[in-house]
Amino acid sequence: MNLRHAIDTYRGHTIPHVRWVEHRNRWFVISGVLILLSLGGLLFSNLNFSIDFEGGAQISYTPTKPVSPEQVKATLREHGIEDAEVQIVNGESILIRTLSLTSEGVNGSAAIRRDLAAQAGIDPVNVNIEDVGPTWGGEISRKAAIGLVVVLAAITLYITVRFELKMAIGAMIALVHDVLITIGVYALTGREVTPETVIAILTILGFSLYDTVVIYDKIQENLETQSLVARLGSDGVVDLSLNQVLMRSVNTSLVVLLPILSLLLFGGDTLKDFAFAMFIGVAIGAYSSVFIAAPILAILKKREQRFRQLEQRLSDRERIVTRRAGAAAPATPGATTGEAAATRATARTGTVARPRSKSKRRKPPAKRKRR
């Protein structure tokens with residue numbers, strides 16, 4: 001493929017001819033390796049939950065002189081607090097989230113309040129310290145899980161009614177694939193799981209389903225065209241549909257990924273938590289829609305009775321063509337032209353063609369003698 005053809009393909013002027021279904025085992029192996037790594041990270045590394053899940057302390061105050069987050073963390077380390085999350089809110093207030101101040105190795109809250117107030121140039125009374133319970137780890141997480149199950153069941157019902165059950169199965173498998181890999185990345189990298197992460201993962205589900213539904217809609221449209229099905233079979237129709245919507249899927253994913261990348265690079269800590277999960281999830285969702293959801297649907301469709309009969313007819317047709325092509329070839333290198341023509345005629349009509357005998361030249365008529 002030259003550069004000109006690649007540009008035309010990207011712009012949608014030409015349709016690529018990639019056999020996606022034929023190489024499905026290769027895509028499944030790649031996804032299997034990623035899922036195994038994710039499960040290994042969940043089993044051996046665990047997730048790094050923020051205090052919103054595990055509980056802790058929240059300190060907030062408004063300094064009267066400039067204070068950087070690094071200076072605040074240095075003050076907290078003097079009191080035995082190593083892993084503290086410090087944020088500048090609205091450019092003026094400081095918000096600190098850390099483990100409980102009553103844990104072992106941490107000085108009293110009164111000493112912490114006094115040192116932070118002295119650093120900020122305010123009165124210790126203006127430093128607000130309150131305990132934070134595991135709000136997301138308890139009731140809210142349970143309600144979110146119930147809502148997620150209800151939403152997935154509703155989406156499955158919708159795809160089944162709009163398309164068919166096999167497409168709903170493929171979409172749900174791709175969805176589980178995306179969530180497992182995204183959570184596994186958090187476990188392997190040790191990045192903190194915050195409420196923003198949960199919100200991003202829920203957003204990922206919607207985008208992944210959107211991309212999958214677009215591809216399934218094109219596949220269903222082509223499967224209803226009898227001439228395409230009779231000529232290409234179920235696997236060929238899935239390949240054609242993927243090639244037709246490939247650039248649309250790629251461009252849609254790029255349009256979503258570029259703003260997320262800007263948030264990941266230039267956003268604040270809260271935005272970066274949201275953007276990181278979104279970036280991983282959208283990239284994996286675009287991959288699974290093409291490489292997982294569509295091949296799984298091709299496998300399920302191929303088991304239908306009408307497609308099995310069609311595949312059998314296509315195989316029989318290919319065998320007949322191959323046999324006729326083999327019969328049309330000369331049996332020996334020294335075969336004559338007449339024998340080759342007879343062989344080709346036999347392959348076409350099924351009857352034995354008699355070779356033409358060489359015509360003899362007629363002698364010119366004798367000249368009459370003049371009287």
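**Entry 1: α4 and α5**

I started with helix α4 (residues 69–78) and helix α5 (residues 109–120), which pack with their axes 10 Å apart at an angle of about 150 degrees. This is a predicted model, so everything I note here is read off a prediction. Angles over 145 degrees count as roughly antiparallel, and α4 and α5 are therefore roughly antiparallel to each other. I checked the hand too: α4 crosses α5 in a right-handed sense.

**Entry 2: α8 and α9**

Next I looked up helix α8 (residues 195–223) against helix α9 (residues 226–266). Their axes lie 8 Å apart, and the packing angle is about 150 degrees. That makes α8 roughly antiparallel to α9. I found a right-handed crossing for α8 and α9. What kinds of residues make up the contact of α8 with α9? I got 14 nonpolar, six polar and three charged.

**Entry 3: salt bridges**

I then ran through the charged pairs. How many salt bridges does a search of the whole structure find? It comes back with seven.

**Entry 4: a patch on the surface**

Last, I went over the outside for nonpolar side chains. Val29, Ile30, Val33, Leu34, Leu37 and Leu188 form a nonpolar patch on the surface. Together I have them at about 500 Å² of accessible area. Which helix gives the patch its largest share? Helix α2 (residues 24–44) does, with five residues. Leu34 is a residue I placed in helix α2.

Definitions and conventions: Residues are numbered from 1 along each chain as its sequence is written. This is a predicted model: local features need pLDDT of at least 70, side-chain atom pairs count only at pLDDT 80 or more; totals for chains, interfaces and linings use all residues. Side-chain values use heavy atoms; hydrogens and water are left out. Axes are lines fitted to C-alpha atoms, for helices over the stretch in contact, and angles run from 0 to 180 degrees between N-to-C directions. Helices (H or I, at least four residues) and strands (E, at least two) are DSSP runs, numbered from the N terminus. Angles under 35 degrees count as roughly parallel, over 145 as roughly antiparallel, 65 to 115 as roughly perpendicular and the rest as oblique. A crossing is left-handed if the near helix is turned anticlockwise from the far one by less than a right angle, and right-handed if clockwise. Ala, Val, Leu, Ile, Met, Phe, Trp, Tyr, Cys and Pro count as nonpolar, Asp, Glu, Lys and Arg as charged, and the others, Gly among them, as polar. Patches are made of residues with over 30% relative accessible area and no salt bridge: like charges are joined within 9 Å, nonpolar side chains (Val, Leu, Ile, Met, Phe, Trp, Tyr) within 5 Å. Accessible areas come from the Shrake-Rupley method with a 1.4 Å probe; for residues, only the protein chains shown count as cover. A salt bridge is a side-chain nitrogen of Lys or Arg within 4 Å of a carboxyl oxygen of Asp or Glu.
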